[in-house]
Amino acid sequence: MTTTIAPPAPPTASGSPHGAAASPVPPTTPSTAAPKIAALLGKVVRIFARIIVSILLVLVFAGPFYWMVLTAFQTASEALSIPPQFWVDAVRWDNFIAAFDRVNFGHFALNSVIVTGGTLLGQFLIIVPAAYAFARFQFKGRDVLFGVVLATMMIPGQLIFLPVFAMYAKMGLLNTHLSLILPFIASGFGIFLLRQTFMRVPDSLIEAARLDHASEFTIIRRIMLPLAKPTIVTIGLITFIGTWNNYFFPLVWTTTDAARTLPVAVPRLEALDEIAPTIVMAGNMLLVVPILIVFLLARRHIISAFTYTGVK
Amino acid sequence: MSQIELRNIGKSYGDKEIIPSLDLTIEAGSFSVLVGPSGCGKSTTLRMIAGLEKPTTGTISIGGKTVDDVTPGRRGVAMVFQNYAIYPTMTVEENIEFGLRNNKVPKAERRELVHEIAETVGLTAHLRKNPDALSGGERQRVALARAMVKKPAVFLMDEPLSNLDAKLRQHMRIELIELHERLGATFVYVTHDQVEAMSMGTSIVLMDGGRIQQQAAPTELYAKPHNVFTSRFIGTPPMNVLRVGSFGADVASDAPAGAEWLGVRPERITFADTSRPAVPGETELAVTILALENLGAELVYRVELPDGSRLAIKRFDEIARPLGHAVVRVESTDIHWFDANEERIAEPAIPGAVREVVSA
């Protein structure tokens, strides 16, 4: 925001609206009064600029979101009216009912919960011990193995989805929840991030715990995980959003609706004969609201995760 | 009561040899201080006793039992770390309790033990607090309490006082001596500070380059240093170690066979009292006083001998002498002799030369 730096005030300071504020000052040479007014003016300009930028940011981020909520509660004619209407007269749930009539949202939502919950659970079961081992143990091939873990982050899913599909077909895993969970639980990104956090824990803490006769499991549970809480929350959120919103894999790795999730279901609202943005937006809300709730719950931890500087 | 024995202990990290071969016996109930310059292997030795490092060769036993394959938690030792290593995720009470909990001590007994220890070290008011609300001294107490509550036979301490300010450090030194008296456990204490070593230890193990230079009681270490390194490590300023010829031909001719170096402690050199002539066994040296440090209770002079070598002289309760020419006296019984390998040469058998050394 370099634009907020105030230009030096003209020497004829009495012309500015803040000249009045400066007038009680005993008349001196203009050279001492001018910098004061310049500073005041600069402050005002800065505050205004900040407000304007804030408003723009809110419009950019919250605007589309507001539009979604608005449309979800409007009638079709309200939604398509010109000029556009920016509010609703009454809260109507008709669009949600219509959405449920067209697509079995309950089924897909349950699938979403199972797949997302399963991925989260499985992921932490895998990445916590893996990150601890990579961070804290000396063993043969550790660095090579860690390199392999990092390399998995660089392979685009679109490259391997077909062989994985073929594999699932052979294993009889097609159209199961497990098929949508398994590939994501060994998260290279999660292992990497958690390993970094674990490595910052002072050695002496772990040594003290070993002398206190703590098992490795106790060390992880009582010392490492509490210290890594912000990282755990961050990884959990990223995984939650990624899995909940995932459209591609639930679509291509399934052949029936048995295990398909919400993001696959919502576009079906569009595919029907009549174009109904109000119903589509109602479906979108069903998809987005859980993410908002999680964000609200985790708000405190997100802040600490992003301001996280290190273990004390 | 647990005696600790290290037999033929070697430790290398890859190609880097830290400790070639170490044999050390730490008497049960002693306050043994491992002291030496940084990198001498003292911390590594302590960590091997704790089981945090595995020796490359050799065997360690505690209380007569070989512990080479025993995990740290089962060795019956407790350790106090330099940075205290207090678990930041637990309250003071949970910190002290952690070891007991892992040892499956029943809850009621745990509570009783924790409160008893908290009372002893003065932490009762802080039990529910988080460690980050404590001062350095209080954290130190938590670390001590955590070690004490397990009632170990051996306490291992790795420079536990070096993070405290000077005043608190002095206070804790006395507390640790009292604690040792009261518990009767074996204390193994690592420090690089000779004052801590001398003031607390009943036995001092002076190390350098991964080797034990001397193991002795503090007075012995001061009076009869085994070699030049030992002689210069204890004492402030350190012992003056000079070529045998530096004190003149008379002293050189008295030197035992093989002597290459002579050493005199700064506090054993006196300024000549002109009203009394030098007696046999006393050597007079003409020196030039170059500088003077006034430390309040003591004065430290830097003087130069005619052959250009330098000496430190420490005197107590005397008025400062002017810089320039002076005459000093050294008693022959105060001279330590070292051979070409810087090893001590046994005292020349002069009748009546044995005298009590007053430690400074």
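## Chatting through chains A and B

Me: Over residues 174-194 of chain A, what share is helix, what share is strand, and how far apart are the end C-alpha atoms?

Reply: Ground rules first: this is a predicted model, where local features need pLDDT of at least 70, side-chain atom pairs count only at pLDDT 80 or more, and totals for chains, interfaces and linings use all residues. Residues are numbered from 1 along each chain as its sequence is written, chains are lettered from A and ligands numbered from 1 in the order in which they are written, and side-chain values use heavy atoms, with hydrogens and water left out. Helices (H or I, at least four residues) and strands (E, at least two) are DSSP runs, numbered from the N terminus. For residues 174-194 of chain A that gives 76% helix and 0% strand, with the end C-alpha atoms apart by 32 Å.

Me: What is the volume of the largest pocket?

Reply: The search uses a 1 Å grid over the protein atoms alone: a cavity is a set of points where a 1.4 Å probe fits but cannot get out, while a pocket is an open set with protein on both sides within 12 Å along at least five of seven lines, and lining residues have an atom within 4 Å of a point. Grid points are joined across faces, edges and corners, and a volume is the space filled by probe spheres set on the points. For the largest pocket, that works out at about 910 Å³.

Me: Which helix gives the most to the lining of the largest pocket?

Reply: The lining has 32 residues, and those nearest the centre are A:Thr152, A:Pro183, A:Phe184, A:Ala186 and A:Ser187. Elements giving two or more residues are α6 (142-152), α7 (157-171), α8, α9 (188-200), α12 and α13 (248-252) of chain A. By class, the lining has 21 nonpolar, 11 polar and no charged residues; nonpolar covers Ala, Val, Leu, Ile, Met, Phe, Trp, Tyr, Cys and Pro, charged covers Asp, Glu, Lys and Arg, and the others, Gly among them, count as polar. With seven residues, the top contributor is α7(A).

Me: Which helix supplies the largest share of the largest cavity's lining?

Reply: About 60 Å³ of space lies in that cavity, and A:Phe184 and A:Trp244 are among its lining residues. The lining splits into five nonpolar, five polar and no charged residues. At least two residues each come from α5 (105-136), α8 (177-185) and α12 (229-245) of chain A. The largest share, three residues, comes from α5(A).

Me: How many charged residues line the second largest cavity?

Reply: This cavity, at about 50 Å³, is lined by A:Ala208, A:Leu211, A:Asp212, B:Met79, B:Arg146, B:Ala147 and B:Lys150. Two or more residues come from α10 (203-211) of chain A and likewise from α4 (136-148) of chain B. By class there are four nonpolar, no polar, and, for charged residues, three.

Me: Why do β2 and β5 of chain B each have one side without a neighbour in the sheet?

Reply: Strands pair if DSSP finds at least two bridges between them. In chain B, β1 (residues 4-13) and β4 (residues 57-62) pair antiparallel over five bridges, with B:Ile4 opposite B:Ile62 and B:Gly10 opposite B:Thr57. The open antiparallel sheet runs β2-β1-β4-β5. β2 and β5 (65-66) stand at its edges, so each has a single partner strand.

Me: Which residue in the hairpin of β1(B) and β2(B) takes a positive phi?

Reply: Seven bridges join β1(B) to the antiparallel β2 (residues 16-26), and B:Leu6 has B:Leu24 as its bridge partner. Two residues lie between the strands, and the one with a positive phi near 65° is B:Gly14.

Me: Where in chain B does pLDDT stay under 50?

Reply: pLDDT is the predictor's confidence in each residue, from 0 to 100. Chain B has a mean of 89, with 96% of its residues at 70 or more. Still, one stretch, with 10 contacts beyond four places in sequence (contact means heavy atoms within 4.5 Å), stays under 50: residues 349-360.
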